[in-house]
Amino acid sequence: MSRIGKSPIPVPRGVDVTIAGSHVTVKGPKGTLERVLPGAITVRQDGDELLVERPDDQRENRAMHGLVRSLVNNMVVGVNEEFVKELEIIGVGYRAAAQGTSKLDLALGFSHPVSVDAPAGITFETPTPNRIIVKGIDKEIVGQVAANIRKIRKPEPYKGKGVRYLGEFVAKKAGKTGK
């Protein structure tokens, strides 16, 4: 049995879960998330807990058991407290500026500024010009938006310049040695 799949999901106070067949809707103080569950995995509510169950031990059902539990848990956590990804910008002249909460302007050494629009449910903050905070209730979208921003100018291995996750280690190469 999946160790992740068999553990119950606690539902905090103020979060409402609606289950209709394989369609799960979670409402909370931060917003609403919906998902259609894959396969034959079922979710049932037992008091203030959600239990994820699989019908049998077929390979596909075993594979989906822990996945569905993690997806539903991320929905419950996301509507109660937002997910956050922090990025830092390293490099002389590299900076970010938030235009409101849904647009981000980046100066990353290109001949032009790069503009990033936030998808629905995502907000940007720039507490300093070299720090970007991506917030939202859907963990998948927050991670994807942060990865897309990082992909614009990945940290390079010689000087370490670029956009990286906060606390990410970038191994530096020695470079050329002159004679």
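A polar contact is a pair of N or O atoms within 3.5 Å; within protein, one atom must be able to donate a hydrogen and the other to accept it, and residues adjacent in sequence count only if both atoms are side-chain atoms. Keep that rule in mind for several pairs below.

This is a predicted model, in which local features need pLDDT of at least 70, side-chain atom pairs count only at pLDDT 80 or more, and totals for chains, interfaces and linings use all residues. Residues are numbered from 1 along each chain as its sequence is written, and side-chain values use heavy atoms, with hydrogens and water left out.

Start with the whole chain. It has 2 helices and 13 strands. These elements are DSSP runs numbered from the N terminus (helices are H or I, at least four residues; strands are E, at least two). The radius of gyration is 21 Å, well over the 16 Å that the globule rule gives for 179 residues, so the chain is more spread out than a compact globule. That radius is taken over C-alpha atoms, and the globule rule is 2.2 Å times the number of residues to the power 0.38. Along the principal axes, the C-alpha atoms fill a box of roughly 70 × 40 × 25 Å.

Next comes burial. A residue is buried under 20% relative accessible area, exposed over 50%, and partly exposed in between (1.4 Å probe, protein chains only). Of the 179 residues, 34% count as buried. Contacts tell another part of the story. A contact means heavy atoms within 4.5 Å. Among contacts between residues at least 6 apart in sequence, 51% join residues at least 24 apart.

Now look at helix 1. It covers residues 59-80, which makes 22 residues. From first C-alpha to last it reaches 33 Å, close to the 32 Å expected at 1.5 Å a residue. The expected span is 1.5 Å times one less than the number of residues. Helix 1 also bends, by about 30° at His-65. The bend is the angle between axes fitted to the seven residues ending at a residue and the seven starting there. His-65 is one of the buried residues of helix 1. Others on that list include Val-68, Leu-71, Val-72, Met-75 and Val-79. An α-helix has 3.6 residues a turn, so residues three or four places apart point the same way.

What is its relative accessible area? The value is 15%, so Arg-54 is buried. Its side chain makes a polar contact of 3.4 Å with the side chain of His-65. A second polar contact, of 2.9 Å, joins the side chains of Arg-54 and Asp-57. Arg-54 and Asp-57 also form a salt bridge, at 2.9 Å from N to O. A salt bridge is a side-chain nitrogen of Lys or Arg within 4 Å of a carboxyl oxygen of Asp or Glu.

How many salt bridges does a search of the whole structure find? It finds 6. Among them is the pair Glu-140 and Arg-35, whose side chains meet at 2.5 Å, N to O. This pair links distant parts of the chain: Glu-140 in helix 2 (residues 139-152) and Arg-35 in strand 4 (residues 31-36), 105 residues apart. Glu-140 is partly exposed at 47%. Arg-35 is partly exposed too, at 22%.

Another salt bridge joins Arg-131 and Glu-86, with the closest N and O atoms 3.6 Å apart. Here strand 12 (residues 131-136) supplies Arg-131 and strand 7 (residues 83-90) supplies Glu-86, and the two are 45 residues apart. Arg-131 counts as partly exposed at 28%, and Glu-86 counts as partly exposed at 29%.

Move on to strand 10 (residues 114-117), the place of Ser-115. Ser-115 is partly exposed, at 40%. Leaving aside its neighbours within four places in sequence, it is in contact with Lys-103, Leu-104 and Asp-105. The side chains of Ser-115 and Asp-105 are joined by a polar contact of 3.5 Å. Leu-67 is 48 residues away along the chain, and the C-alpha atoms of Ser-115 and Leu-67 are separated by 34 Å.

Finish in the segment after strand 13 (162-165), where Lys-176 is found. Lys-176 counts as exposed, at 85% relative accessibility. Lys-176 and Leu-166 are 10 residues apart in sequence and 28 Å apart in space, C-alpha to C-alpha.
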